[in-house]
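Please read it alongside the sequence and the coordinates.

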Amino acid sequence: MDVGGGAVAGDGASSTSSAVSQWTFTLSQRYQHFLDKSTPHVLYRWIFFATIAFIFAIRVFMVQGFYIITYALGIYIIQLLIAFLSPQVDPEVDGPTLPTRGSDEFRPFVRRLPEFKFWYSLSKAVCIAFVLTFFSAFDVPVFWPILLFYWLVLFVSTMKRQIMHMVKYKYVPFTFGKQRYGKKAPSTNERSVSKP
């Protein structure tokens, strides 16, 4: 026989979980809306990233610690940079799909990691590393010049391998200086005809 007391307790717990899930859903929608609005603003996004990276660097400098966190962040940045500079279809694995001669069909360079995801992953990683600097368990005492030297060696060797890959398969992952196609400005004859 149900007296009704259990139903009230169940309704309270379900309404609390429903309110929390509704709040979480609303928060995630607002966050996604913010990300969607920031997508076309490339310069402002990278200024934001430079700002949070600078704040993180100041935090590490002021505390004089958390070098392991910084080293791990540096390795993650190298990994993301390699994915950003690599084509989506690797010619070493899938064969040379990029044009190698002038008569080959033009195929635009498609990155393995798009610019927005590159920025987003970097920003998240720096924010997580910044939060970790507030927990003393992650402050492992190390001699930081050795870590810096090892990171520099890793960066140089990795970038050398990536540049050799670019040269071998003749692709450039940047659009600086490339010809752009778009609307032509109307010539003087077209302007004079269009005037009433």
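T158 sits in helix α6. The model described here is a predicted one.

**T158**

- Relative accessibility at T158 is 10%, and T158 counts as buried because the cut-off for that class is under 20%.
- Once neighbours within four places in sequence are left aside, T158 is in contact with I78 and I82.

**Salt bridge**

- How many salt bridges does a search of the whole structure find? The search returns one.
- The partners are E115 and R45, and their closest N and O atoms are 2.9 Å apart.
- E115 belongs to helix α5 and R45 to helix α2, so the pair links distant parts of the chain, 70 residues apart.
- Is R45 buried or exposed? With 4% relative accessibility, R45 counts as buried.
- E115 has 23% relative accessibility and therefore counts as partly exposed, the class between under 20% and over 50%.
- Side chains of opposite charge can pair when their charged atoms come close.

**Largest nonpolar core**

- The largest nonpolar core is made up of 28 residues.
- Within this core, F49, F56, L73, F118 and V126 have the most contacts.
- At least two residues of the core come from each of α2, α3, α5 (115-132) and α6.
- Which helix gives the most to this core? It is α3, with 10 residues.
- V126 touches F49, I52, A53, F56 and L73, when residues up to four places away in sequence are not counted.

**Second largest pocket**

- The second largest pocket holds about 460 Å³ of space.
- Its lining has 18 residues, of which F56, V60, T70, Y71 and L148 are the closest to the pocket centre.
- The elements that give two or more residues to this lining are α2 (42-63), α3 (67-85) and α6 (144-169).
- By residue class, the lining of the second largest pocket has 15 nonpolar residues, three polar ones and no charged ones.

Note on methods
Residues are numbered from 1 along each chain as its sequence is written. This is a predicted model: local features need pLDDT of at least 70, side-chain atom pairs count only at pLDDT 80 or more; totals for chains, interfaces and linings use all residues. Side-chain values use heavy atoms; hydrogens and water are left out. On a 1 Å grid over the protein atoms alone, a cavity is a set of points where a 1.4 Å probe fits but cannot get out, and a pocket is an open set with protein on both sides within 12 Å along at least five of seven lines; lining residues have an atom within 4 Å of a point. Grid points are joined across faces, edges and corners, and a volume is the space filled by probe spheres set on the points. Helices (H or I, at least four residues) and strands (E, at least two) are DSSP runs, numbered from the N terminus. Ala, Val, Leu, Ile, Met, Phe, Trp, Tyr, Cys and Pro count as nonpolar, Asp, Glu, Lys and Arg as charged, and the others, Gly among them, as polar. A nonpolar core is a set of buried Ala, Val, Leu, Ile, Met, Phe, Trp, Tyr and Cys residues joined through side-chain atoms within 4.5 Å. Buried means under 20% relative accessible area, exposed over 50%, partly exposed in between (1.4 Å probe, protein chains only). Contact means heavy atoms within 4.5 Å. A salt bridge is a side-chain nitrogen of Lys or Arg within 4 Å of a carboxyl oxygen of Asp or Glu.
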